[in-house]
Amino acid sequence: MNFNRRAINTTTTALAVILIIVIIAFAAYAAIGVGKTTVTETETISTTVTGSATTATATVAVNECPGTNITLSSYTPPAGKISLTAGGSTFVNPIMQVWVAAYGNLTENEAAPVLINYAGVGSSSGQMGVLANTFAYAGSDAPLSASVLAGYKSSGPMLQIPEALGGVAIFYNIPGVSTNLNFTGPVLAAIWNGSITTWNDPRITALNPGATLPSATIVPVHRSDGSGTTYALSTYLATQSPSWASTIGVGTSINWPTSEESAKGSSGVAGLVSTTPDSIGYADSHYALSNNLLSADIQNAAGKYVAPTVAGFSAAAAAAASTLSTNATATIVNPPASAATAYPISTFTYFLVWANQSNEATAWALANFMNWVVTYGQSYSTGLNYSPLPPSTVTADQHLVSQINFNGQTFTCP
Amino acid sequence: MAVGSLKRRGRSIVDAGFRDLSFAFAAFIVFLILLYIIEIGYHSLPSIRAYGLSYVIGSEWNPPREIFEVLPEILGTLASSIIALVIGVPISLGVAVFLAEISPRGPRVVIGPVVELLAAVPSIVFGFWALLVLVPQVIRPVEHALSASLGFIPLFHGAASGYDLFSAGVILAIMIIPYVAAVSRDAMQAVPRSQLEAAYALGGTKSEVIQMSVFGYARSGIIAGIFLGFGRAIGETMAVTLVIGNSLEFKASLFAPAQTLASLIANDYSETIGVVQVSAIIEAGLVLLALSLLSNLGARLILRRFVKRGAQLL
Amino acid sequence: MNARRKLVDRFWIAFTLVALVLALAPLASIIYYVTVKGLAALNISFFTHNFSQVGTEGGIANALQGTFLVVLLASAIGVPTGVLSGVYVAEYGSKRYGEIVRFLADVLVGIPSIVTGILIYSTLVLSLPAPFRGYTAFAGGVALGFMEIPIVSNTTSEALRTVPNSLREASAALGVRKWRATLVIMANALSGVTTGILLATARIAGETAPLLLTALGSTRGFQGWFQAMETMTLFIFQNATSGTPFLVEQAWGASFILLITVLGINIIVRIVTRRRTTFV
């Protein structure tokens, strides 16, 4: 066969060479193996608001029952890497990423390293994922409603395990304002329902005599995706404004009244507020800190203006301790006046995971990871502006985690 | 001779095999388009049965309350694409005319490909640049100026924060320019020289010649190009999601945030829980598919008519 | 010629020049910003660390790996199917059938990428049985592959069409088997076919929307075809909106790498072949 010589010419050769070089370069890159996980046990974020960052004690073995001298049941997982995909709340994302990376590092030399990939896609998407079994577990700041759960055939209960305690910060970007403003619940409700439209509205200036507020139009920003943070904020605003619950509602997606801006994810809201003058938004307090945005001090039931700090979240949880003992997913917003230092928009955030698992290695990995999170994982909390879980919650959580099973085989400490 | 005996046996097996193999792969294209329509249609059925016509007529999208209505998103899709055409088509035609009629040969060889390079930029890079450069530095000042001076016109109501329908329209306009310009330029370059020479002979200036001969002759090609640009605009997701403000309400104002079908899907695809509700988001994909098929079919049919006509006249 | 007509003429010519500047300015601006801000983000850890949303040490390592692997799978699906389909349309199809396939391929090219994402989301991500369901690199590759098929089919059939018929007639006259003749014709059109493949690959490497619904994104390296995976485009999307200065800088860096690769392929292809675009 006589190929036309002209066809195999410089053009084709050049193209072929380029193609081969590009392919080899990428293949080499992929083969070398990729990247280190970037979080070490000493990973911290410097904060301008809260105090010290802590490091975790990294030398503890992962299958020890903390606080006891008991080691785990002698169950050995099948050898081999366990890769899990999980997703959900962006509220918990900052600390969740630290947890999965740290746990991956801790287990990497074990027979069965546990490598979890958590995607911050919002609480609603997380709930959907775990219900549809596209996520091994979900992070959610909103409890899973019984009616939604009933719509899914399941072979057992869905465990809702409080994993972190934080607060919804209200942050803003007002040119010329460089201080933390004071807000009350009713004023916040009025901003987001459109009754207050400019920054120099008397209701705002009355709370902030020292600040010069411009006459610019306020641009409120909310979450475009189903959000547990929205759930927490709307639950709080419903207690502050009589009409809020009926006109706008409480939930992960609500009837934001005016044609307001919205963005996907907590980071999207923080990002939009960063780039939009005169805007105001809400997200877990960590996002305000990492974006250098100012957070507001919110007036609590005791009349004090409280910043979104670790101490404030702990005080709110402490005030709700008796309710939480019977209902672990009860809301803790709007603590009573007896909690003088409580931050009014605090909230827990939860692991959602099926108790009955269909894969042995996955069940083992989930149980041990969650057990580690609620105990040793809490030492990362204050460095990222979350409060450590109260001891009673930790005990209850370990009890829940011990219900994770594969065909009745459980994996962790009692 | 071995070869001769093969020939005498009739068609060779390899021949038939090769033909059948490539036939099979070509059939895959037919299969693929059927797959789109049937799969997406099938998975939308629970939602179609549950919500019926209210899906495309109603105006509330509220997954927790199980209300799925996408009229605001349909309007947002159409509005942003029309704005893109209003801004982008004149620019594209100007570029096409320049490249086809005005530019000397040297610059044309460089400028033409550079314009087409715009089509190669990934849409997420467009969106990212728009989010952090175009909107804050160009669009927001323009919006504030318009809002301050002409704010009484309903079209310019709204907070003018920059992340709104207008910005989506502008970024879409930029993205469709290479498509509309390239197709229009091809159409203009197909005009026979005799037409141009006749017009010049009648004493026309360059722009008059272009208006008389080029636009008239190339009209259907240009229209096909506009349809192509429109089809591209209604389907764009990433650039639009980042700058459109993601509001679930459609307001007839350029400076109010909005939502398109594509950005709704990108925001909410994983939010819905339950068979009917998941099917509601897939139905949004079905509506978008239908819109894009209509637009593309329109463009292709006109283009085929144009090619036929051109072939006749040439 | 009177002065008014001359003025109008000058005006319209000026208009086309203004249009040209308006069309080219965004491209110049994008290249400028991506380069200036992107270069600032490049350092060793940028290329050796994985995507991380916390701390200041993340990088594009797993994103690069993911883009490569997902595009590889997409090409494995898209290139053979597209090329053979294009061969059929150009060489074997009866006028009618070949035209129909070509028409349908054009329509497929125009389908929004998010719709392809929805298709794969409902058929693979949600519906496959246990170890294969969920957000996977496999689903991402299939989605991009479905996008690549019609593009490659069109560019192949067009490249083959440019080969003069005299070659086909000569082969027939010589009694050469049709399949051998087709191979010779392909050899002649090789540069056209290869550039079509390259441009299609560059195009799908820049896609984000379908991957949002299929590959989801990941903070880890490749964990297997049936686990979620990060890509360059997802990396840019996830970091661009975050507002955290370090992450936004990383997004510029990733945009820079992606842009020079994609634009680089396009520019080289155009220089080497002086190819007139058919839109991929």
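A residue is classed as buried if 20 or more other C-beta atoms lie within 10 Å of its own, as exposed if 12 or fewer do, and as partly exposed in between, with C-beta atoms placed from the backbone. The model is predicted: local features need pLDDT of at least 70, side-chain atom pairs count only at pLDDT 80 or more, and totals for chains, interfaces and linings use all residues. Residues are numbered from 1 along each chain as its sequence is written, while chains are lettered from A and ligands numbered from 1 in the order in which they are written.

Helix H8 of chain C spans residues 178–188. Its buried residues are C:Ala181, C:Thr182, C:Val184, C:Ile185, C:Met186 and C:Asn188. Helices here are DSSP runs of H or I with at least four residues, strands are runs of E with at least two, and both are numbered from the N terminus. The cover over the buried residues of H8(C) includes an element of another chain, helix H2 (13–51) of chain B. From chain C itself, helix H3 (61–92), helix H6 (137–161), helix H7 (165–174) and helix H9 (190–205) also take part.

Chain C has twelve helices and zero strands. Its elements therefore read, from the N terminus on, α-α-α-α-α-α-α-α-α-α-α-α. Along the principal axes, the C-alpha atoms of chain C fill a box of roughly 70 × 70 × 35 Å. Of the 280 residues in chain C, 62% are buried. Contacts are counted between residues whose C-beta atoms, placed from the backbone, lie within 7 Å. Among contacts in chain C between residues at least 6 apart in sequence, 75% join residues at least 24 apart.Chain B holds twelve helices and two strands. The order of its elements from the N terminus is α-α-α-β-β-α-α-α-α-α-α-α-α-α. The radius of gyration of chain B, taken over C-alpha atoms, is 25 Å. Buried residues account for 56% of the 314 residues of chain B. Of the contacts in chain B with a separation of 6 or more, 76% are between residues 24 or more positions apart.

Chains B and C meet through 70 residues of chain B and 77 residues of chain C. On the side of chain C that touches chain B, helix H1 (residues 3–41) of chain C provides the largest share, 20 residues. That side has 51 nonpolar, 19 polar and seven charged residues. In this classification Ala, Val, Leu, Ile, Met, Phe, Trp, Tyr, Cys and Pro are nonpolar, Asp, Glu, Lys and Arg are charged, and the others, Gly among them, are polar.

A nonpolar core is a set of buried Ala, Val, Leu, Ile, Met, Phe, Trp, Tyr and Cys residues joined through C-beta atoms within 7 Å. The largest such core has 317 residues. B:Val95, B:Val125, B:Ile171 and C:Ile236 have the most contacts inside it. Helix H7 (residues 165–189) of chain B gives the most to this core, with 18 residues. With neighbours within four places in sequence left aside, B:Val125 is in contact with C:Ile30, C:Val34, C:Ile236, C:Ser255, C:Leu258 and C:Leu259.

The contact between chains A and B takes 27 residues from chain A and 22 residues from chain B. On the chain B side, helix H6 (123–150) and helix H11 (261–268) each supply at least two residues. The side of chain B that touches chain A comprises nine nonpolar, nine polar and four charged residues.

In chain A, strand S4 covers residues 158–173. Because 14 of its 16 residues are buried, S4(A) is largely enclosed by the rest of the structure. Two strands count as paired if DSSP finds at least two bridges between them. S4(A) pairs with strand S12 (residues 346–354) in the antiparallel sense over nine bridges. Within this pair, A:Pro162 has A:Tyr350 as its bridge partner. S4(A) also pairs with strand S8 (residues 279–284), again antiparallel, over six bridges. Here A:Ala169 is partnered by A:Ala283. Strand S9 (residues 294–295) joins S4(A) through two bridges, in the antiparallel sense. A:Tyr172 and A:Leu294 are bridge partners in that pairing.

An open sheet of three strands is also found in chain A, with the order S13-S14-S15 and mixed pairing. Strand S13 (356–357) and strand S15 (409–410) are the edge strands, each pairing on one side only. S13(A) runs parallel to strand S14 (residues 405–406), and two bridges join them. A:Asn356 stands opposite A:Asn405 in S14(A).

Definitions and conventions:
Two residues are in contact if their C-beta atoms, placed from the backbone, lie within 7 Å. The radius of gyration is taken over C-alpha atoms; the globule rule is 2.2 Å times the number of residues to the power 0.38.
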